[in-house]
Amino acid sequence: MTDSPPPADGASTEAPSAGRAQSRRSLRDVNEHGRGSERRVSSGFGRYLLKHVSGAAVSLLLVLFSSFFIFRLIAGDPIDQLTKERPVSAEQRAAMRAELGLDRPMWQQFIDYITGTLTMDLGESFQYRRPIFDLIVERLPATLLLSGTGMVLAVLLGFWIGTRSGWKQGGRYDRGHVATGLVLYSAPTFWLGMIVILVFARYLGLFPVNGMRSPSTPPDFWSQAVDIGYHLVLPVLTYTAVVYAGYLMIMRSSILDEIGSDYLTTARAKGLRDDEVRKKHAVPNALLPTVTLVFLALGSVVNGSIVTETVFSWPGLGTLFVNSIFYPDRPVLQALFVLFSSSTILAVLCAEILYWFIDPRIRRS
């Protein structure tokens with residue numbers, strides 16, 4: 001008697017087990033692929049971060065090197081400035097050089113300068129005979145108030161007008177605002193500041209033009225705040241008028257790049273109103289190229305108002321920098337140059353790091 005074939009249910013029991021094994025292998029492959037992708041993204045961000053942080057570190061070192069040597073070339077001998085219009089003997093000049101550490105070898109001065117800068121020991125001002133760190137801390141709030149207020153207004157105004165100008169390209173609104181912005185952008189800051197002073201202070205008598213406070217203001221908080229705000233109007237108006245056109249043109253250009261995109265056509269085809277298409281679709285994508293510009297604006301808050309502060313005698317870092325040039329006060333110039341440059345370098349570094357999270361093309365590359 002011949003053997004009968006294996007039962008049909010035997011095949012039916014092996015097939016599901018083989019299918020389950022294949023499914024488990026597929027799931028394991030998917031999980032391993034996902035973990036591999038996460039590792040690649042993580043390692044990619046590490047390399048990306050290391051690349052840009054190292055580049056920023058090199059830039060900061062170059063700033064330190066250049067500030068040490070440049071201001072020794074252009075500032076002249078500090079002893080000549082300290083003894084100007086005063087007869088001093090050679091022994092007195094030698095004693096002053098020893099007191100200021102100028103009699104030491106150049107390499108030792110350089111090491112002292114590097115270590116002092118890294119430890120925030122910036123030395124003493126030749127002109128004010130005070131620690132430079134104290135001078136910076138004392139004047140930094142005035143600069144942040146002026147530049148910060150002006151920069152926020154300039155960014156908001158430039159982006160708001162630039163968005164509508166690009167959306168209404170070629171119209172009366174676009175032509176009028178672009179022409180006005182370019183005229184103000186090309187005007188020298190000191191010239192525009194003088195015009196503002198003549199119109200609003202001299203002829204109309206609406207605002208003060210010098211300093212940050214009035215001596216007769218009561219010492220209470222609200223009186224001081226109102227007085228500072230009153231003095232702030234004209235410098236902020238001048239600063240905003242000069243700066244906002246740059247953001248206007250960048251935002252307008254970004255909007256023009258997005259207008260012909262397919263996703264905007266799809267949004268219109270869905271029946272969305274024109275304002276909704278602009279606000280919810282065009283503007284978020286157009287803001288991406290402006291990230292670097294915004295961070296550069298944040299970096300220039302510290303050093304972006306030198307001319308404006310000088311015109312309006314605003315007691316900030318810009319005025320301190322200009323006064324130090326005329327003296328010349330080499331330690332103050334070195335410290336402010338490093339501060340201004342470092343703020344810009346760090347702002348660009350923050351923008352480059354942020355690009356990793358907001359631009360998927362960088363992660364894919």
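**Figure 1. Lining of the largest pocket in the predicted model.** Helices α4 (106-118) and α14 (330-358) each supply at least two residues of the lining of the largest pocket. The structure shown here and in the other views is a predicted model. The space in the largest pocket amounts to about 540 Å³. Its lining comprises 22 residues, and those closest to the pocket centre are L100, L122, G123, E124 and P331.

**Figure 2. Salt bridge between R129 and E124.** E124, one of the residues closest to the centre of the largest pocket, forms a salt bridge with R129. The closest N and O atoms of this pair are 3.5 Å apart. R129 has a relative accessible area of 41% and is therefore partly exposed. E124 also falls in the partly exposed class, because its relative accessibility is 39%.

**Figure 3. Salt bridge between R130 and E138.** The side chains of R130 and E138 meet at an N to O distance of 3.1 Å. R130 counts as partly exposed because its relative accessibility is 31%. For E138 the relative accessible area is 47%, so this residue is partly exposed. Side chains of opposite charge can pair when their charged atoms come close.

**Figure 4. Salt bridge between D174 and R252.** D174 and R252 are joined through their side chains, with 2.8 Å from N to O.

**Figure 5. The largest nonpolar core.** This core has 22 residues. M151, V155, W167, V243, Y247, M251 and I255 are the members with the most contacts inside it. Helices α5, α8 (221-259), α9 (262-269) and α10 (274-286) each supply at least two of its residues. The contribution from α8 is the highest, at seven residues.

**Figure 6. Surroundings of I255, and a separate core.** Which residues is I255 in contact with, leaving aside its neighbours within four places in sequence? They are T163, G166, W167, A282, V283 and A286. W167 is, like I255, among the residues with the most contacts inside the largest nonpolar core. Another core, of 14 residues, lies apart from the largest one and includes F71, L122, F321 and F340. L122 is also one of the residues closest to the centre of the largest pocket.

Figure 7. L140 is found in helix α5, which spans residues 132-167. Its relative accessibility is 27%, so L140 counts as partly exposed. Beyond its neighbours within four places in sequence, L140 is in contact with V302 and L317. L140 and V302 are 162 residues apart along the chain, and 7.7 Å separates their C-alpha atoms.

**Figure 8. The whole chain, for orientation.** The protein chain holds 15 helices and zero strands. It has 365 residues, of which 37% count as buried. Among contacts in the chain with a separation of 6 or more, 73% are between residues 24 or more positions apart. The accessible surface of the chain comes to about 21200 Å², and carbon and sulfur atoms account for 64% of that area.

Methods:
Residues numbered from 1 in each chain as written. Predicted model: local features only at pLDDT ≥ 70, side-chain atom pairs only at ≥ 80, totals over all residues. Heavy atoms only, no water. Helix = DSSP H or I, 4+ residues; strand = E, 2+ residues; numbered from the N terminus. Buried < 20%, exposed > 50% of the residue type's maximum accessible area, 1.4 Å probe, protein only. Contact = heavy atoms within 4.5 Å. Areas by Shrake-Rupley, 256 points an atom, 1.4 Å probe, with all protein chains shown as cover. Core = buried A, V, L, I, M, F, W, Y, C linked by side-chain atoms within 4.5 Å. Salt bridge = Lys/Arg side-chain N within 4 Å of Asp/Glu carboxyl O. 1 Å grid on protein atoms, 1.4 Å probe; cavity = no way out; pocket = protein on both sides within 12 Å on 5 of 7 lines; lining within 4 Å. Points joined across faces, edges and corners; volume = space filled by probe spheres on them.
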